[in-house]
Amino acid sequence: MPPRTSSTFQHAGAAAAPAHMPSPLPSEKPLQWDIFCQVIDNYGDLGVCWRLAAQLAQRGHSVRLWLNDMEPLRWLAPEALHGAWPGIKVHAWPIANPRASAPTLPLADVWIEAFGCDIPRAWLQTQVKVAAAQGRRPAWINLEYLSAEPFALRSHGLPSPVFQGPAAGWTKHFFYPGFSPASGGLLKRYDTQTAQAPNWAEPPLSEFAPEAPSERSVLLFSYASAPLTALLQALLRSPQRVQVLVAAGQTADAVRAALTALPAGSPSALRPRFLPYLPQTVFDRLLALCDLNLVRGEDSLAQAVQAGRPCVWQIYPQDDGAHEAKLQAYLETIVADAPLGTWHAFWNGGSANHPAPQPLAWPWEPDSIWPQNAKALATRLAQNTDLCSQLIEWTAGQVLNATAR
């Protein structure tokens, strides 16, 4: 069964436009893009690839999105599988029958392998033959994970020669998203591409609105390893009335388990609310309204920091500890102050039972400069060229050179 969605997002016909979808914009020169994405259980890879596909299509390009699992799109981008997003066609991963699918499609101008997924060899072989017959090669990009580490800036844009396989002699190039002007940039938020600013009164956000003006909102989207019991206990100790909007999936399961550890008769000032699986367009707008966003993964972090609201990132933990250097590089890049560093140390403590520091700073405290700093960071990031624009600019030059050859 597909994940449950709110009634607001139910099927409304194949031609129905998704809520908050930006209107198409004229493109510099329309290109055909192939984006290859292997969906993993946390859906972060798909979130980035869908967002990129949507922004390319909004700028007039054509996108074929190749997925090994289409089910998450039913809630991430409602009606995407029914053609409701102009310029985007979703295809099953071509390994099943590459010879039947690839030759019937025009050769793309750009190939994007997202996050280390390799184009299937058999499919690649058919496309290389087509490229040879047409005397041109697609621009080929390795879209890497978001990182603020120095190696990412050094590697951004570097060539990666192909030595083996059907495309031996071709060249890929690395693209590293990041927070620095020298990086590949970040994908924009949906609500920066529309005239309407988010507000709690609009549907479907009204379903999740605070009960009173004094109630604060915390968006909670975490891995199961987050210290959720300690977080809820810290909120209980706070005099502030708070609703916790809990993301669907493993976050919700872990929070339900953590709630059982709270003392009986806990104050009603803490109000957990369990969200349905949300479309990406709605999730973006929710980030812009909450007083504190506790997010995980990379797409959610990129959108949370651009929303200009206080946020804390739970980085995906790796057995070799590589995530620690990545987290530290991020904190240094955003010039995190001591309270924000304390928050990240707590939230990434590595144990679901990791205790909260005393006291834990909250962004709604009268003397907190956290909201101000969050807005300043978003303003600084907005001055960087976004990832979609950088990809379009770079690939346009590559395609022009390939045509000239």
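# Strands, salt bridges and cores: a chat

Author: Strands S8 and S9 (residues 242-246) run parallel and are joined by five bridges. Keep in mind that this is a predicted model.

Reader: Which residue in S9 is the bridge partner of Leu-219?

Author: Leu-245 is the bridge partner of Leu-219 in S9.

Reader: And what order do the strands have in that open sheet?

Author: The order is S10-S9-S8-S11-S12, five strands with parallel pairing. Strand S10 (270-274) and strand S12 (311-314) are the edge strands, and each of them pairs on one side only. From one strand to the next, the twist averages 15 degrees.

Reader: Which helix packs on the sheet?

Author: Helix H7 (residues 250-259) packs on the sheet, where it touches S8, S9, S10 and strand S11 (292-296). The direction of H7 makes about 145 degrees with that of S10.

Reader: Changing topic. How many salt bridges are there in the whole structure?

Author: A search of the whole structure finds 14 salt bridges. One of the pairs is Asp-299 with Arg-51, whose closest N and O atoms are 2.8 Å apart. This pair links distant parts of the chain, with Asp-299 in helix H9 (residues 299-306) and Arg-51 in helix H1 (residues 44-58), 248 residues apart.

Reader: Are Asp-299 and Arg-51 buried or exposed?

Author: Both Asp-299 and Arg-51 are buried.

Reader: What does Glu-113 form a salt bridge with?

Author: Glu-113 forms a salt bridge with Lys-172, and the closest N and O atoms are 2.9 Å apart. Here too distant parts of the chain are linked: Glu-113 is in strand S4 (residues 110-114) and Lys-172 is in strand S7 (residues 171-175), 59 residues apart. Glu-113 and Lys-172 are both buried.

Reader: Okay, and Glu-202, what is its salt-bridge partner?

Author: Arg-285 is the partner of Glu-202, with the closest N and O atoms 3.0 Å apart. Glu-202 sits in the loop between S7 and strand S8 (216-220), Arg-285 sits in helix H8 (residues 280-287), and the two are 83 residues apart.

Reader: Why does Glu-202 count as buried?

Author: Glu-202 counts as buried because its relative accessible area is 6%, and the cut-off is under 20%. Arg-285 is buried as well, with a relative accessible area of 1%.

Reader: What about the nonpolar side? Which residues touch the most other members of the largest core?

Author: Tyr-330 and Trp-343 do, in a core of 66 residues. Helix H6 (residues 228-237) gives the most to this core, with seven residues. Tyr-330 is in contact with Ala-148, Phe-179, Leu-301, Val-305, Cys-311, Trp-313 and His-344, leaving aside neighbours within four places in sequence.

Reader: And what lies apart from that core?

Author: Another core of 40 residues, among them Trp-33, Leu-65, Ala-114 and Ala-139. In general, nonpolar side chains tend to be buried together in soluble globular proteins.

Reader: How many disulfides does the count come to?

Author: The count comes to zero disulfides. Cys-49 is in no disulfide, and the nearest cysteine sulfur, that of Cys-37, is 3.7 Å away.

Reader: Is Cys-49 buried or exposed?

Author: Buried, at 1% relative accessibility. Cys-290 also counts as buried, at 0% relative accessibility.

Reader: Last one. Where is His-91, and what does His-91 touch?

Author: His-91 is in strand S3 (residues 88-92). Residues up to four places away in sequence aside, His-91 touches Arg-64, Leu-65, Trp-66, Leu-67, Met-70 and Leu-105. The C-alpha atoms of His-91 and Asp-34 are separated by 10.0 Å, with the two residues 57 residues apart along the chain.

Terms used:
Residues numbered from 1 in each chain as written. Predicted model: local features only at pLDDT ≥ 70, side-chain atom pairs only at ≥ 80, totals over all residues. Heavy atoms only, no water. Disulfide = S-S within 2.5 Å. Buried < 20%, exposed > 50% of the residue type's maximum accessible area, 1.4 Å probe, protein only. Salt bridge = Lys/Arg side-chain N within 4 Å of Asp/Glu carboxyl O. Helix = DSSP H or I, 4+ residues; strand = E, 2+ residues; numbered from the N terminus. Pairing = 2+ DSSP bridges. Axes fitted to C-alpha atoms, helices over the stretch in contact; angles between N-to-C directions. Contact = heavy atoms within 4.5 Å. Core = buried A, V, L, I, M, F, W, Y, C linked by side-chain atoms within 4.5 Å.
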